[in-house]
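This briefing sets out selected features of one structure, grouped by topic. Please read the points below alongside the sequence and the coordinates.

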Amino acid sequence: MRLQRARLRLAEAQGIIPAGSSDRYQTPGGLQRTTKVRDLTFKVAEPEVQYDPEEAEARLWRQPVTWLKRNVDLFVPMTAFLGRVIVDIITDEEERHRRKRAQELLEIISGLGPAVIKAGQALSSRPDLLPSEYLEELQKLQDRLPPYPNEQAFQVVESELGVAFDQVFELLEENPIAAASIGQVYKAKLRSTGETVAVKVQRPRCEEIISVDLYVLRWYAGLINRILSVLKRDIDVIAVIDDFGELIYREIDYTAEAANAQRFVELYGGLEDICAPRVYTELSTRKVLTLEWVDGVRLVDQRQLQSYRADPTKLIDRLVQCSLRQMLENGFFHADPHAVSLLRQSHWRIVYLYRVDDGVYDLVLLLTLRVFPCRAVKPITHSCSFPFLFNPSTKFQGNLLCTPEGKLCYLDFGMMSYVESNQRYGIIEAVIHLVNRDFNSLASLYQRMGFIPGDVDTQPIITALEDALPEVLNASVGELNIKNVINKLGDVMYKFPFALPPYYIAIIRCLGVLEGLALQVNPNSRIINDAYPYIASRLLTDSSPELQAALHKLIFKAGRPRWERLEQLLEVAGSTSDYDVTLAMDQLLDYILSEQGTEFRRIFAAELVDAVDQLGADTTSYLLKNWRTLSLGQAPPRLVPALAGFGVGGGMQGDAGLTGDLFASAGVAGMSIFFRVFWFQRVGRR
């Protein structure tokens, strides 16, 4: 009892269970109650200036010159595109032309600036809005722009910090080490302490330009809503734009990103081989973010990883396990963990740019000596053009590093998300329903979680799930592919009135990025296979009613226990680093002895009686057949079959024959598995 209480106190100190709550995890009988799910008071940091579509509409409506030109830029290509789609629908050619139209949309969005590109990236994770062909094409969008002049960046720093750039920082590299649509990053040294830092500076007028784009996109969203209503598609595109507006306003506020980075370090910085850079809050504002410089290499850079003696496969596994803990334990997770390294050569390219506005450029032509993996787009409007020397090896950076010490370092905390505790349980329940092929329960869960309106008949959805998923789910766990599962689910979500909440979209994006990265490192990698031990461990050690019910659904079918699944869970869970076999056994025994375990005990007692009866019959039959050999004192030709079923004699695996098959399906065999694993792991490892 005291040992259990001490363990709970330690769990409190480690943050596994909420502080001061160990008493409610302890029953009068001393059985342990614990869960890793935590409700955080701090969730995702909110920006100082929040997205307000009504305020933006009132303000920009009085500035027609500001948005009319941009409206034309968007209207011409988008109207032409929508016209082609409508013609396809009228002529019943939409499905045949879908891939072609998706490629056209990718080409259009690529040339419409950073806000529209980010909107396209957000749409690439919305299977409830777009068919799979569009999702696949939009996933090719890259958020990248050439750097803007250093003088403009230094002016932003001086305006934000109140001192000249050179008075605070000393540049260690003249050019930015990374550049994207929102800002660019410099490597510098603090003059006061000599510490090396990364200084992230926002593009000039970034918020103003994005607000205009959102205003125009929202107007077009209203038009698309009316078209969709004619096509009998109940989708609120304005709400989609508003969700995206909230997301991008968080991303362009570096104060919010700094708060997210600090919270990430508090929650996950103590995990083994996980780290994140320290934030210099005194040198950070809404438009400038100063972080500790972290040396390291990208996870896809095999040669450099070898110099660190780091195993890429282990790094990916660590990334997957850490991401699962972020999503399913604390709920606060990094929604965009990628390690882009498109080019490793150091050759310079000549890039021609058209200036759209001060400090904002559209990429229009690429002249390269080698193939450059970036789509060239046609200019829509321009006032001048000029050649720009650009080194891709310092531009396309991801946000994951392997440090020289072999640690996994997270960078860039602009895209964070939060999953509420009931939603975390729902995700694990969904996994169990998929494993069980229980599509009735899966549809009911989606309805309970608000993905489907409560008044919608779920039977057609159940039928669609039954038709779409078995093909991909019939693969072994080691061959299951996240992309295939999401695509099949997405086909169903597109056909029926699903409305996916932002956290679920962030999870889809995160899992897709993780699997893509894992496949870059190891083409045979399957993150479902990597995640399965963690799910098994949670089911066996978490005493929450939600996961206890999920475990019951996984193990029982038609009221009968499936012992092979229990054995598989026990074996697989043991491969996770934080699996506590003692806690798992306590939870299982607690369940067996509880009210919920009444039916289990009844079934086990009945099977035990049947097994003992069969044991007596088999033993008698065996003695009658071998009485002469036994009377002469000779060794019998084989072990008693019934005893072999218990693992007596020649180890746990003997020639059990018919009775062995009987025991494999009986409760005795199940409990023998239970106690085998229990005693081996709890006693044998001492």
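A residue is called buried when its relative accessible area is under 20%, exposed when that area is over 50%, and partly exposed in between, with a 1.4 Å probe and protein chains only. The model is predicted, so local features need pLDDT of at least 70 and side-chain atom pairs count only at pLDDT 80 or more, whereas totals for chains, interfaces and linings use all residues. Residues are numbered from 1 along each chain as its sequence is written, and side-chain values use heavy atoms, with hydrogens and water left out. Helices (H or I, at least four residues) and strands (E, at least two) are DSSP runs, numbered from the N terminus.

**Aromatic residues**

- Rings of Phe, Tyr and Trp (its six-membered ring) pair if their centres lie within 6.5 Å, and planes under 30 degrees apart count as stacked, over 60 as edge-to-face and the rest as tilted; a search of the whole structure finds 17 aromatic pairs.
- One of these pairs is F165 with Y186, which is edge-to-face, with 6.4 Å from centre to centre and 65° between the planes.
- That pair links distant parts of the chain, since F165 belongs to helix α8 (residues 165-168) and Y186 to strand β3 (residues 183-190), 21 residues apart.
- F165 is buried at a relative accessible area of 3%, and Y186 also counts as buried, at 0% relative accessibility.
- The rings of F264 and Y410 have centres 4.9 Å apart and planes at 55°, so this pair is tilted.
- Because F264 lies in helix α11 (residues 254-268) and Y410 in strand β12 (residues 408-410), the pair ties together parts that are 146 residues apart in sequence; F264 and Y410 are both buried.
- A single aromatic cluster is formed by Y446, F451, F498, Y503 and Y504.

**Strand β4 and its partners**

- Strand β4 (residues 196-202) has six of its seven residues buried, so it is largely enclosed by the rest of the structure.
- Two strands pair if DSSP finds at least two bridges between them; β3 and β4 run antiparallel and are joined by seven bridges, with A188 having V197 of β4 as its bridge partner.
- β3 and β4 form a hairpin with five residues between them, and G194 in the turn has a positive phi of about 80°.
- β4 also pairs with strand β6 (residues 288-292), in the antiparallel sense and over five bridges, and here V201 stands opposite V288 of β6.

- β5 and β12 run parallel and are joined by two bridges, with I274 standing opposite L408 in β12.

- The buried residues of helix α21 (residues 545-555) are L547, A550, L551, L554 and I555.
- Seen down the axis of α21, these buried residues fall within an arc of 125°, so they line one face of the helix; the arc is that of the directions from the helix axis to the C-beta atoms.
- With contact meaning heavy atoms within 4.5 Å, what covers the buried residues of α21 includes α14 (421-436), α20 (527-541) and α22 (563-573), as well as β14 (556-557) and β15 (560-561).
- S537 lies in helix α20 and counts as buried at 2% relative accessibility; not counting residues up to four places away in sequence, S537 touches A573, T576 and Y579.
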